[in-house]
Amino acid sequence: EYLNLQSNNLSGSIPTSIGELVNLTNLSLGGNNLSGSIPSEIGNLTNLGTLFLDNNQLSGEFPAEFLNVVGPYTHIHLQNNNLSGQIPEAFCDNCGLEPVNGGIYCSVKLGGNSFCPPYPDCFENNDNDSYLGTQDTSNCP
């Protein structure tokens with residue numbers, strides 16, 4: 001249920017077999033040297049509450065399959081990678097960024113990447129810097 005390999009100098013890509021660990025509730029791979037794209041099989045991990053892939057060298061677009069794992073009280077930290085493209089508007093359907101009972105409904109950190117505008121509407125009604133941080137938009141259309 002819990003796999004924490006943060007800050008272990010791991011390198012290479014995230015194997016597609018990660019999608020077979022369907023009982024995972026917490027996947028923490030931040031602070032390594034992982035590269036390549038985030039495998040679409042991560043969408044099989046529908047029990048995830050925490051996904052930390054921050055501070056790696058991951059590249060590619062925001063995986064549409066993330067929409068399978070994002071839900072109330074999910075924590076997704078993808079900051080400080082080389083991710084690009086657009087964040088799908090449907091992200092807002094799964095991850096409301098509104099406080100609930102004094103807490104955060106969905107914790108999202110995407111800064112330090114190259115995501116292109118327009119950003120999903122749910123970011124517009126909130127403190128964008130908390131979620132989007134700084135994006136390198138120099139390669140955006």
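**Confidence**

I started with pLDDT, the predictor's confidence in each residue, from 0 to 100. The protein chain averages 85, and 84% of the residues score at least 70. This is a predicted model, so I kept in mind that local features need pLDDT of at least 70 and that side-chain atom pairs count only at pLDDT 80 or more, while totals for chains, interfaces and linings use all residues. Residues are numbered from 1 along each chain as its sequence is written, and side-chain values use heavy atoms, with hydrogens and water left out.

Over residues 100-104 pLDDT stays under 50. The model has five contacts for these residues beyond four places in sequence, a contact being heavy atoms within 4.5 Å.

**Whole chain**

I counted three helices and 12 strands in the protein chain. These are DSSP runs numbered from the N terminus: helices are H or I with at least four residues, strands are E with at least two. Of the 141 residues, 43% are buried. For burial I used relative accessible area: buried is under 20%, exposed is over 50%, and partly exposed is in between (1.4 Å probe, protein chains only). I also checked contacts with a separation of 6 or more: 57% of them in the protein chain come from residues 24 or more positions apart.

**Asn26**

I looked up Asn26 in strand β3, residues 26-28. Asn26 counts as buried because its relative accessible area is 11%. Leaving aside neighbours within four places in sequence, I found Asn26 in contact with Glu1, Tyr2, Leu3, Leu48 and Thr50. Gly49 is 23 residues from Asn26 along the chain, and their C-alpha atoms are separated by 5.9 Å.

The side chain of Asn26 also makes a polar contact with the side chain of Ser28, at 2.8 Å. My rule for a polar contact is a pair of N or O atoms within 3.5 Å; within protein, one must be able to donate a hydrogen and the other to accept it, and residues adjacent in sequence count only if both atoms are side-chain atoms.

Next I went to the loop between β1 and β2, where Gln6 lies. Gln6 is partly exposed because its relative accessible area is 31%. Not counting residues up to four places away in sequence, Gln6 touches Ser28, Leu29, Gly30, Asn32 and Phe52. I noted the Asn32 pair: 26 residues apart in sequence from Gln6, and 6.6 Å apart in space, C-alpha to C-alpha.

Asn9 lies in the loop between β1 (2-4) and β2 (11-12). Asn9 is exposed because its relative accessible area is 65%. Its phi is near 55°, a positive value in a residue other than glycine.

**Asn56**

I found Asn56 in the loop between β5 and β6 (57-61). Asn56 counts as buried because its relative accessibility is 7%. A polar atom of the Asn56 side chain lies 3.0 Å from the backbone oxygen of Leu29. Beyond four places in sequence, the contacts of Asn56 include Leu29, Gly30, Asn32, Asn80 and Asn81.

Gln79 has its place in the loop between β7 and β8. Gln79 counts as buried because its relative accessibility is 15%. Not counting residues up to four places away in sequence, I have Gln79 touching Asp54, Asn55, Lys109, Leu110, Gly111 and Asn113.

Asn80 is in the loop between β7 and β8 (82-85). Asn80 is partly exposed because its relative accessible area is 39%. Phi of Asn80 is near 60°, a positive value in a residue other than glycine.

**Cis bond**

I checked omega too: a cis peptide bond joins Pro117 and Pro118, with omega about 5°. Pro118 has its place in the loop between β12 (114-115) and α2 (121-124).

**Cavity**

A cavity here is a set of points, on a 1 Å grid over the protein atoms alone, where a 1.4 Å probe fits but cannot get out; lining residues have an atom within 4 Å of a point. Grid points are joined across faces, edges and corners, and a volume is the space filled by probe spheres set on the points.

I got one cavity of 30 Å³ or more. About 30 Å³ of space lies in the largest cavity. Its lining is Leu48, Gly49, Thr50, Leu51, Val69, Thr74, His75 and Ile76. The elements giving two or more residues to that lining are β5 (50-52) and β7 (75-77).

Terms used:
1 Å grid on protein atoms, 1.4 Å probe; cavity = no way out; pocket = protein on both sides within 12 Å on 5 of 7 lines; lining within 4 Å.
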